[in-house]
Amino acid sequence: SGAGGGATCELLGGQVLAGHCYVDITVGSATQPQSVAACAALTPTGEAHLLVLETPEEQERVFDAFVVQFQNVSDAWLGLTCSAEAHPDTADCFCKDCSAAELLQKQAAWSSPDGASPNFGWVNGNPNAADRCVALAYNPMEGITTRWGWVERPCDKAEVIPIQPNRHTYRTICELE
């Protein structure tokens, strides 16, 4: 866990948290592919990638450091996708009103660039739409106990309004190995 080399992380304006280097390069809201490209361009060797949350503890650290001050304002793209190559049929990636077992099967179709398939952060029946990207998102709906969690989103949108009038934009947080 080189954390992008502590000095490199600091030069990039990042924070080292539990051996990982995180750099928030948000300028404005971006699509998921724009965020992926921006992270790859962060270092000359391209070892930075979009945020990958592997444990609830890591999610909590990143949330506290980068997201909480933007609560209700901005979600953050994650490096978790349902690959069109691995799953040409989007039906492999989501289900609506399905059993818990079916939902777990759909969640397992999502993976990070390194092939890991963490699934601890999904909330409120997600993934439940035919999208291929994931955001750590705020869910302001009545009756929802988990306010922040993973939701699938359209990769090519820099903002969405899933439930009127709640507009969601996206932060770009990169992780260096």
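Buried here means under 20% relative accessible area, with over 50% counting as exposed and anything in between as partly exposed (1.4 Å probe, protein chains only). The model is predicted, so local features need pLDDT of at least 70 and side-chain atom pairs count only at pLDDT 80 or more, while totals for chains, interfaces and linings use all residues. Residues are numbered from 1 along each chain as its sequence is written, and side-chain values use heavy atoms, leaving out hydrogens and water.

Now for the aromatics. Rings of Phe, Tyr and Trp (its six-membered ring) pair if their centres lie within 6.5 Å; planes under 30 degrees apart are stacked, those over 60 edge-to-face, and the rest tilted. That rule gives seven aromatic pairs. One of them joins tryptophan 110 and tryptophan 122 edge-to-face, at 5.3 Å centre to centre and 65° between the planes. Both residues sit in the loop between α4 and β5, so their pairing ties together parts twelve residues apart in sequence. Tryptophan 110 and tryptophan 122 are both buried. Tryptophan 122 also pairs edge-to-face with tryptophan 150, with ring centres 6.0 Å apart and planes at 75°. This link spans 28 residues, running from the α4–β5 loop to strand β6 (residues 148–153). Helices (H or I, at least four residues) and strands (E, at least two) are DSSP runs, numbered from the N terminus. Tryptophan 150 has a relative accessible area of 0%. Trp110, Phe120, Trp122 and Trp150 make up one aromatic cluster.

Asparagine 126 belongs to the loop between α4 (100–107) and β5 (133–138) and is buried at 7% relative accessible area. Beyond its neighbours within four places in sequence, asparagine 126 has contacts (heavy atoms within 4.5 Å) with Leu103, Gln107, Trp150, Val151 and Glu152.
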